[in-house]
Amino acid sequence: MNFAPCLDVNNNPRNPVIGVRSFGEDPAAVAALGVAAIKGYQEEGVSATAKHFPGHGDTSVDSHLAEPPSRMT
């Protein structure tokens, strides 16, 4: 099992956490690369866990230090 890939869309340049862990700023590209990564894991017998949650790429708060505001309203 691998707790990856990170499927956050890095659409906020002030985000202190996601940065290079994201496949990028374009949702379609992030989705395509995420699917490819998951298929690669599965082909080698590894279970993938897509992470994090919707909106996590659009925050200026480090979620390891504080709770980012919810964008799901």
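A: Happy to! Helices here are DSSP runs of H or I with at least four residues, numbered from the N terminus. The model is a predicted one, and the helix to look at is α1, which covers residues 27-43.

Let's start with the segment before α1, where Val-17 lies. Val-17 counts as buried because its relative accessibility is 12%, under the 20% cut-off. The C-alpha atom of Val-17 is separated by 5.7 Å from that of Asp-62, although the two residues are 45 apart along the chain. Phe-23 is found in the segment before α1 too, but with 36% relative accessibility Phe-23 counts as partly exposed. Together with Leu-7 and Leu-33, Phe-23 forms a nonpolar patch on the surface, and the three have about 230 Å² of accessible area together.

α1 has 17 residues, and from its first C-alpha to its last it reaches 24 Å, close to the 24 Å expected at 1.5 Å a residue. Its buried residues are Val-30, Gly-34 and Ala-37. Viewed down the axis of α1, these buried residues fall within an arc of 65°, so they line one face of the helix.

Finally, have a look at what comes after the helix: α1 is followed by Gly-45, which has a positive phi, near 80°.

Conventions: Residues numbered from 1 in each chain as written. Predicted model: local features only at pLDDT ≥ 70, side-chain atom pairs only at ≥ 80, totals over all residues. Heavy atoms only, no water. Patch = residues over 30% accessible without salt bridge, like charges linked within 9 Å, V, L, I, M, F, W, Y side chains within 5 Å. Areas by Shrake-Rupley, 256 points an atom, 1.4 Å probe, with all protein chains shown as cover. Salt bridge = Lys/Arg side-chain N within 4 Å of Asp/Glu carboxyl O. Helix = DSSP H or I, 4+ residues; strand = E, 2+ residues; numbered from the N terminus. Buried < 20%, exposed > 50% of the residue type's maximum accessible area, 1.4 Å probe, protein only. Expected span 1.5 Å × (residues − 1). Arc of directions from axis to C-beta.
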